[in-house]
There are 2 protein chains.
Amino acid sequence: MMMNIDVLSIFPEMFEGVLGHSILKKASDKGAVQYNIVNFREFANDKHQTVDDYPYGGGAGMVLKPQPIFDAVTYLTEQEKSTPPRVILMCPQGERYTQKKAEQLAQEEHLIFICGHYEGYDERIREHIITDEISIGDYVLTGGELGAMVVIDSVVRLLPGVLGSEQSHLQDSFSTGLLEHPHYTRPADFRGMKVPEVLVSGNHKLIEDWRMKESMRRTLNRRPDLLENANLTDQQKKWLDKLINVNE
Amino acid sequence: MMMNIDVLSIFPEMFEGVLGHSILKKASDKGAVQYNIVNFREFANDKHQTVDDYPYGGGAGMVLKPQPIFDAVTYLTEQEKSTPPRVILMCPQGERYTQKKAEQLAQEEHLIFICGHYEGYDERIREHIITDEISIGDYVLTGGELGAMVVIDSVVRLLPGVLGSEQSHLQDSFSTGLLEHPHYTRPADFRGMKVPEVLVSGNHKLIEDWRMKESMRRTLNRRPDLLENANLTDQQKKWLDKLINVNE
């Protein structure tokens, strides 16, 4: 099954570099996903192809008109045969994006992203055609495009067959519920900075224990909130208690 | 003063679309910022230009070697005349990125971003040359490149002279501490969906009150955590109490 991803943006060229390289390109080459970047200006029905207008009630800033976006989404969905698409608005007011949401979206057949670009959205877009409002974090961006790329990247890498085994393991902090342990590679002594001895000991049990303890230590120091939802073994709970006692 | 932004990535082409359009391009055209995307593979000192290697202690995944990154950062900083740069590692274990951090970074003269790409980082990079570790959110991406673009976008738009007044107002949810009120633009009746009457009343006091109440309602419903740190007037606190009573 191929996932279809449509993106509505008046800056379609912004997507070329990100969708055209590395994993996102490989996923499309393999047929796991098809990207379709749509300039919704083409759907504006006035002769100047206007996509925004002044806000009712006054004030600074422009607001995206409902017509071009309604008509673009209608066009993209009228061929829909089976399940309706998720229509996702990228905006600071949306739900905070998480790995869990990425896993949910990776189950879908059709995602449509709507990206404003420093404009606001007419509220009728939000009320009548949007299924999900997503914010990638508590910071202000010049548009929804980067947020859409972030969501696309995190979803597409989860699609079956997209990641090779050498890519799938690392950086999966949020899948295990703990932050990752430190990594080291050659040389063992780099300009006087040495690799911890346990890692070159050849003792697999000691290495596994070291990694788990370091993973827990890092999580405790940097993101203690993650420990509340982590699924710890009895051994891990003992280590955690020791770490907490040392910290206090 | 011009900000210098260096990015270390083995996928420099990923940045072209994002840095070459819209606000980020205008900021560079205006001389507010200069981007320099560096393929750190060019700094690898072996004949195969290797940037990663197997992890000590075994396991899946590759780890970025210290040498190419140490030497690239040395090269980029040896001409440094005044304040040392911020050397920023994009990684899931980093501090959670916020608008406050964006405002801090916008005060700097030189930012260097280090982007891994599904590999882990040798811990000696983290310990010896990094000043900041940043995570843009609790989700897994295929590399640090999109995170770096997100941070760059949020920082560059804050540089003096970059945003015009028509771009600066909207979407600034996190500057006021509250989520934005709904926006509407013409037509007042779009396919039977109408704009709230108050917005076409011409009564500025009523419009301001409506907007503030809607902003508080939305924040209360979607992100009550933001209200704890919001700086509310007495009038706003009264409205908030009323909203909470209605919700209960």
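Over all chains, the structure holds six aromatic pairs, where a pair means rings of Phe, Tyr and Trp (its six-membered ring) with centres within 6.5 Å, called stacked if the planes are under 30 degrees apart, edge-to-face if over 60 and tilted for the rest. Before you click around: this is a predicted model, in which local features need pLDDT of at least 70 and side-chain atom pairs count only at pLDDT 80 or more, while totals for chains, interfaces and linings use all residues. Residues are numbered from 1 along each chain as its sequence is written, chains are lettered from A and ligands numbered from 1 in the order in which they are written, and side-chain values use heavy atoms, with hydrogens and water left out.

**Stop 1: two ring pairs.** Select A:F43 and A:Y75. Their rings make a tilted pair, 5.5 Å centre to centre with 55 degrees between the planes. The two residues sit 32 apart in the chain, A:F43 in the loop between β2 (33-38) and β3 (52-53) of chain A and A:Y75 in helix α3 (residues 66-77); helices (H or I, at least four residues) and strands (E, at least two) are DSSP runs, numbered from the N terminus. A:F43 has 21% relative accessibility, so it counts as partly exposed; the scale runs from buried (under 20% relative accessible area) through partly exposed to exposed (over 50%), using a 1.4 Å probe and protein chains only.

Now pick A:F70 and B:F190. Here the ring centres are 5.0 Å apart and the planes at 70 degrees, so this pair is edge-to-face. The pair crosses between chains, from helix α3 of chain A to strand β9 (residues 189-190) of chain B. Both A:F70 and B:F190 are buried.

**Stop 2: the core.** The largest nonpolar core has 118 residues, and those touching the most other members are A:L8, A:F113, A:V156, B:I5, B:L8, B:F113 and B:V156. A core here is a set of buried Ala, Val, Leu, Ile, Met, Phe, Trp, Tyr and Cys residues joined through side-chain atoms within 4.5 Å. Centre on B:I5: beyond its neighbours within four places in sequence, its contacts (heavy atoms within 4.5 Å) include B:V33, B:Y35, B:L111, B:F113, B:I152 and B:V156.

Helix α6 of chain B covers residues 145-156 and reaches 16 Å from its first C-alpha to its last, close to the 16 Å expected at 1.5 Å a residue (that is, 1.5 Å times one less than the number of residues). It is largely enclosed by the rest of the structure, because 12 of its 12 residues are buried.

**Stop 3: cysteines.** How many disulfides are there over all chains? The count is zero, taking a disulfide as two cysteine sulfur atoms within 2.5 Å. For A:C91, the nearest cysteine sulfur is that of A:C115, 11 Å away.

Stop 4: In chain B, β3-β4-β7 is the order of three strands in an open sheet with mixed pairing. β3 (52-53) and β7 (120-121) stand at the edges. Strand β4 (residues 63-64) pairs with β7(B) in the parallel sense over two bridges; strands need at least two DSSP bridges to count as paired. Select B:V63 to find its bridge partner in β7(B), B:G120.

Stop 5: Most residues other than glycine have a negative phi, and most peptide bonds are trans. Check the bond from A:R186 to A:P187: it is cis, with omega near 0 degrees. The bond from B:R186 to B:P187 is cis too. Finish at A:R191, whose phi is positive, near 50 degrees, in the loop between β9 and β10 (193-194) of chain A.
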